[in-house]
Amino acid sequence: MIQACIFDLDGVIVDTAHYHFLAWRRLAAELGFELTPEANERLKGVSRMRSLEIILEIGGLQRSREEMDAMATRKNAWFVEYIEAMQAHEIFPGITDLFAKIRQAGMKIGLASSSKNADTVLRKLGIAHHFDAIVDGTMIIHTKPDPEIFLLSASKLGVVPAQCVVFEDAQAGVEAAKRAGMRCVGIGKKEQLGAADIVVAQTGAFDFSALLKF
Ligand code: BG6
Ligand code: MG
């Protein structure tokens, strides 16, 4: 029986995954190549530095640690510009309804985001109060697909992993949830998130009654 729902943030609660994509694409353009939406799938869910390593691998480039730090800082400044301009209504439709149903069923709600900007995004949307526990990129050592972030979330929520369901839009996130021994709802396309227990196009399209069958 599911006791807790753990949500990723970027691409699950709000379309900040698109802002990450725009910022990485701009950096790739500066480096002289195009970042396609297909290649971008590999960047979802992983830390900022891991994303940059993947970007350089895609472009067939090598850079020093100092150059990488400068590039990551530049990308983050662009991303922060996007999220500072974000409005509360950019939260995906159906999210607050879903939270209300989860609460009504007596389950807990957690947030598990690899982002170090999660606090800013939650503040902009005014939704931090919905979560019983928040784990972000500043609190973990190993990035998704390592299960650390979800195991830490479960322990903060006081629930065992087998009683948790994770909502994830990233391949790395789905893998992390499965490695944590949790159920997983993939948000996006089946071709990319086939390892999830169910896949829906948008978080708001998830049928709450499906949780009771897990
Ligand atoms: C994840 C995103 O939520 O956070 C990744 O899916 C992003 O695309 C990662 O790279 C780290 O985010 P930030 O804000 O710390 O650079
Ligand atoms: Mg995500």
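Let me start with strand 1, residues 4-7, in what is a predicted model: A4 and I6 point one way from this strand, C5 and F7 point the other way, and all of these residues are buried. Strand 1 pairs with two other strands that I want to go through in turn. With strand 2, residues 108-112, strand 1 pairs in the parallel sense over four bridges, and within that pairing the bridge partner of A4 is K108. With strand 4, residues 164-168, strand 1 is also joined by four bridges, and these two strands run parallel as well; here I6 has V166 as its bridge partner.

That brings me to strand 4 itself, where five of the five residues are buried, so that the strand is largely enclosed by the rest of the structure.

Is K144 buried or exposed? K144 has a relative accessible area of 1%, and because the cut-off for buried is under 20%, this lysine counts as buried. For orientation, K144 and M182 are 38 residues apart along the chain, and their C-alpha atoms are separated by 14 Å.

Let me turn to ligand 1, which is surrounded by 13 residues, the closest being D10, R48, S115, K116 and N117. That shell divides into two nonpolar, seven polar and four charged residues, and it draws at least three residues from each of domain 1, which is 4-14 + 91-213, and domain 2, which is 16-83.

Which atoms of the protein lie by the oxygen atoms of the ligand? A polar side-chain atom of S51 lies 3.3 Å from an oxygen atom of ligand 1, a polar backbone atom of K116 is 2.7 Å from an oxygen atom of the ligand, and for N117 a polar side-chain atom lies 2.6 Å from a ligand oxygen atom. As for how much of the ligand is covered, ligand 1 taken alone exposes 390 Å², and the protein buries 98% of that.

Methods:
Residues are numbered from 1 along each chain as its sequence is written. Chains are lettered from A and ligands numbered from 1 in the order in which they are written. This is a predicted model: local features need pLDDT of at least 70, side-chain atom pairs count only at pLDDT 80 or more; totals for chains, interfaces and linings use all residues. Side-chain values use heavy atoms; hydrogens and water are left out. A residue is near a molecule or strand if one of its heavy atoms lies within 4 Å of it. A polar contact is a pair of N or O atoms within 3.5 Å; within protein, one must be able to donate a hydrogen and the other to accept it, and residues adjacent in sequence count only if both atoms are side-chain atoms. Accessible areas come from the Shrake-Rupley method with a 1.4 Å probe; for residues, only the protein chains shown count as cover. Ala, Val, Leu, Ile, Met, Phe, Trp, Tyr, Cys and Pro count as nonpolar, Asp, Glu, Lys and Arg as charged, and the others, Gly among them, as polar. Domain bounds come from an automatic or database domain assignment. Buried means under 20% relative accessible area, exposed over 50%, partly exposed in between (1.4 Å probe, protein chains only). Two strands pair if DSSP finds at least two bridges between them.
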